[in-house]
Amino acid sequence: MRPEFFQRACALIIGFATFAATNAASAESSHGIAMYGTPALPPDFVSLPYANPDAPKGGRVVFGNTGGFDSLNPFVQKGTAPWQLGFWGYESLMGRSWDEPFTLYGVLAESVRTAPDRSWVEFDLRAEARFSDGSPVTVEDVIWSYQTLGSQGHLRYRGMASQISDIRQTGPRTVRLEFNTDNRELALIAGMRPVLKKAQWQGKDFTASGLDEIPIGTGAYVVSDFEASRHVTLRRNPDYWGKDLPFRRGTQNFDEMRIEFYGDQTVLFEAFKAGELNVIREFNAEKWDRQYGFPAVLRGDIVKTEIPHRRPSGMTGFVMNTRRTPFDDWRVREAMLLAFNFEFINDTITGGVQPRITSYFSNSDLAMRSGPVDDKVRKLLTPYSDSLLPGALDGYSLPVSDGTARNRGNLRQAMGLLNQAGWRVSDGVLRNEQGRIFAFDVLLRQGDTGNQTVIELYARALERLGIAVSVSTVDDAQYTARISAQDFDMTTFRRDLSLSPGNEQHLYWGSSRADTPGTRNLMGVASPAVDGMIDAMLQAGTREDFATAVRALDRVLTTGRYVIPIWQFDVGRIAHIRELRYPARLPIYGDGIGFLPDVWWYQAE
């Protein structure tokens, strides 16, 4: 090698080493990490602000689920596991505070470091972290968990895998992840992956575990008993390693939690009234007012609790599969919205008490604003103007009926749009130019009596347009299989959304997985504007830019007319035995995941 080349190579190596050292030095270790700004809690915090650090331990609580289960592995695509398992028995490197939009504090990891641009993140494992069988949690377990979930796990875990350029051990108890995309949220998402035990799965098929192999976790609860589709019981591990962590103080207070399974919500409610269950969530305001006057409530043995929140409404309603005719035409979808007589249906079902969801992020500062877009949102949407649907830039709101059963005005508008889309009534039946009859099927879970009533009311209106509606009611296994295969015309839909939406938005409505079996993008959105707004949201450097991008995303989704929204759950309604107590201080997310049962406790009188 010529001397000048050798000198230049050495200079490059020294320069790179200096840059790397400077970059590492600039990243200070912290007890927590926030999406924007700094964590609200100091390093020496005693407990989460909405937990009671003096809450007593003990007691037993029984919950109820509808449907059934054929798996106890909540981390794979195959099978149906009780949804609670992923939250009760497993932990991640960091845990989320439900009193901040998006902030994490250490659980399995005692500290975290990240680059100023969030291009990489490092976690330092706690030396005391243990699996429920007493074995230590290692960096090798962490790396295996991330790689396995990213390649073989449920689809919700696979999106991040392609955005990790490298994951490796950088110290005795330190793991580092490097990212190949400009996405500030990845450093936080990396801290929220469940950590499983690598040794458990040597020579076994992780994807086909079903009921034969329950993943070993690090959480406070372990499955102690179950009968497929009947019940499952979890008991608090007396040797749980993390019971003294500030993040855990005042949480996970029950000795035992049991889930009983019922055929439908009506049977479940009767079981609660009979004392078989200790707690129930009620989503119907009218039922809450009229049907919770049974003897146990009047005696005070059952308490009705209402818990407010400040989280977005999310989207609940009936989703249309745009992969299929006729819902591939936005005019047809708008006609479906016009024909859905929300005011009349809401009055019939809930007594008109619950307000309607008006957009995906309604009830929050992230919601799209009424009227035309402001300059900041317009700047984001203008490059996609050719693909935007009417109302995205000029303003859009959901149709409002006159409240009568006939809904004549909106049905006239609906018929006009259907005519524009090539559908006309002939002999009382709506047909297109090829003679195809406008008919569709609504796929429902067995026992979903509430939504079946809504569809029956909706079908009567559609009959006046010449549209035939059928309902297919199937068990959990069939429902899961058909949804995974996108084998439906219309079905129920619910997406809870947070004050800090992030990478999950690609799973919900990103085009890259719109046609992937098992996708969560049920409507089949394939919109460059949606993809662009999600990218803008993930790349935003300030909270203001982030909010602008989410409002723009909200506009594109809402004007896409993919879902027929129903009512929002503006307050959490929980009926429970009087021995169940909760802290006076409520988090901004209200009674969402992490509040019940995490910080409640049992107190005998």
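**View 1. In this predicted model, helix α16 passes helix α17 in a left-handed crossing.** The axes of α16 (residues 528-539) and α17 come within 8 Å of each other and cross at roughly 165 degrees. Angles over 145 degrees count as roughly antiparallel, so that is what α16 is to α17. Who's doing the touching? On the α16 side, look for Ala529, Val530, Met533, Ile534, Ala536 and Met537. Their partners on α17 are Phe546, Ala549, Val550, Ala552, Leu553, Val556 and Leu557.

**View 2. Here's the largest nonpolar core, with 124 residues.** Leu93, Phe123, Tyr360 and Trp509 touch the most other members. Helix α17 (residues 543-559) shows up again, giving the most to this core with eight residues. Apart from this core lies another one, of 39 residues, and Ile345, Tyr396, Tyr458 and Ile467 are among them.

**View 3. Zoom in on the neighbours of Phe123.** Leaving out residues up to four places away in sequence, Phe123 touches Leu93, Met94, Ala109, Ser111, Val112, Arg173, Thr174, Val175, Leu177, Ala187, Ala190 and Gly191.

**View 4. Helix α9 (residues 330-339) is largely enclosed by the rest of the structure.** Why say that? Because eight of its ten residues are buried. They are Val332, Arg333, Glu334, Ala335, Met336, Leu337, Leu338 and Ala339. These buried residues pack against strands β14 (315-320), β15 (423-426), β17 (439-445) and β20 (563-565), plus helices α12 (408-420) and α13 (449-463).

**View 5. Now for the start of α9.** Here, a side-chain oxygen of Asp329 reaches to within 2.8 Å of the backbone nitrogen of Arg331.

Terms used:
Residues numbered from 1 in each chain as written. Predicted model: local features only at pLDDT ≥ 70, side-chain atom pairs only at ≥ 80, totals over all residues. Heavy atoms only, no water. Buried < 20%, exposed > 50% of the residue type's maximum accessible area, 1.4 Å probe, protein only. Helix = DSSP H or I, 4+ residues; strand = E, 2+ residues; numbered from the N terminus. Contact = heavy atoms within 4.5 Å. Polar contact = N/O pair within 3.5 Å; in protein donor to acceptor, adjacent residues only side chain to side chain. Core = buried A, V, L, I, M, F, W, Y, C linked by side-chain atoms within 4.5 Å. Axes fitted to C-alpha atoms, helices over the stretch in contact; angles between N-to-C directions. Parallel < 35°, antiparallel > 145°, perpendicular 65-115°, else oblique. Left-handed = near helix turned anticlockwise from the far one by under 90°.
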